[in-house]
Amino acid sequence: MSTATSTETRELAPVSTESLAALLVAKERPPRPSSLSTSLTFGWRAVLKIKHVPEQLFDVTAFPIMNLLMFTYLFGGALAGSPTDYIQFVLPGILVMSVVMITMYTGVSVNIDIEKGVFDRFRSLPIWRPSAMVGYLLGDALRYTIASAIMLCMGLLLGYRADGGFMGVVAGIALLLVFSFAFSWIWTMFGLLLRTEKSVMSVSMMVIFPLTFLSNVFVDPRTMPGWLQAFVNNSPVTHLASAVRGLMAGEWPAADVMWTLGWSALFVVVFGPVTMRLYNRK
């Protein structure tokens, strides 16, 4: 009986701090996660948020369909003679407009997480610092893809035909996703800079609406006044819409493609560092 008691006493005896520290040091620590794996993890987190709050998909489903139907049947007859002819021109433009407009929700999501204190936990983790931001953008890329697929399916039902075939459509959507990924860095900056999600949405709409409507999304700029043409012809949305429209039509608009890639690189180079600086000081 005494032997059993002494054995239990030895097993339950507290471990000293020095012994515990030596035990932890002796064990091999797991490797630090790579920047790619942490970015993908945060991207998966954004996808899970969509799963638990499916209402987030409203802006990538109902909103694009509403825009396509409204502009095609309201202005198709007046601008192109018939809705069927007009949809060949306007569908790539509305596709660009819809995806570019929903990029602002990236900044809203960032601001909400800041207000909830989630980012304080992220900053304390031993991970690549930009991975949280990149994860947001990767998750939103899925939403942009869903919006593009819905728009194309609805366009096919309304009579749109892509002369560029499957590869032309894929190339156009890929270019749109690259631009949207880069463009979203502007809204992440606003999400960190502004104090409430309502202010993020208000400022974002003030930027997006003029930028998308003052473009060749709906009409040819040659019908506009000369001073307005100068702005529209050099707008990043105009270059993007022309590039996507040309690729889906089976053409190779090299100048517009290069301009779009150049704008994308500029957005990342300018707003990426600014966003990370705000993130580190938040």
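This is a predicted model: local features need pLDDT of at least 70, side-chain atom pairs count only at pLDDT 80 or more; totals for chains, interfaces and linings use all residues.
Author: A nonpolar core is a set of buried Ala, Val, Leu, Ile, Met, Phe, Trp, Tyr and Cys residues joined through side-chain atoms within 4.5 Å; buried means under 20% relative accessible area (1.4 Å probe, protein chains only). Residues are numbered from 1 along each chain, and side-chain values use heavy atoms, without hydrogens and water.

Reader: Which residues touch the most other members of the largest nonpolar core?

Author: This core has 48 residues. At least two residues each come from helices (DSSP runs of H or I, at least four residues) α4 (58-80), α5, α8 (131-158), α9, α10, α12 and α13 (254-281). The members that touch the most others are L68, V96, F183, F218, L240 and M248.

Reader: Which helix supplies the largest share of this core?

Author: Several helices each contribute at least two residues, including α4, α9 and α12. The largest share amounts to 12 residues, and its source is α5.

Reader: With which residues is F183 in contact, leaving aside its neighbours within four places in sequence?

Author: F183 belongs to one aromatic cluster with F179, W187, F190, W263, F267 and F271. Contact means heavy atoms within 4.5 Å. Beyond its sequence neighbours, F183 is in contact with V100, T103, L211 and F267.

Reader: What covers the buried residues of α10?

Author: The buried residues of α10 are V200, S204, I208, L211 and T212. Residues three or four places apart on an α-helix point the same way, because there are 3.6 residues a turn. The cover includes α5 (83-102), α6 (105-116), α9 (165-193) and α12 (236-248).

Reader: How far apart are the end C-alpha atoms of α10?

Author: Helix α10 covers residues 197-213, which is 17 residues. At 1.5 Å a residue (times one less than the number of residues), it should span 24 Å. The model agrees, since the end C-alpha atoms are separated by 24 Å.

Reader: What is the angle between the planes of F42 and F122?

Author: F42 in α3 (35-52) and F122 in α7 (118-124) are 80 residues apart in the chain, and both are buried. Their ring centres lie 4.8 Å apart. The pair (centres within 6.5 Å; planes under 30 degrees apart are stacked, over 60 edge-to-face, the rest tilted) is edge-to-face, with a plane angle of 80°.

Reader: Which element has the lowest mean pLDDT?

Author: The protein averages 83, and 88% of the residues score at least 70. Over residues 1-13 pLDDT stays under 50, and the model has 0 contacts there beyond four places in sequence. The highest mean, 94, belongs to α12, and the lowest, 45, to helix α1.

Definitions and conventions: Buried means under 20% relative accessible area, exposed over 50%, partly exposed in between (1.4 Å probe, protein chains only). Rings of Phe, Tyr and Trp (its six-membered ring) pair if their centres lie within 6.5 Å; planes under 30 degrees apart count as stacked, over 60 as edge-to-face and the rest as tilted. pLDDT is the predictor's confidence in each residue, from 0 to 100.
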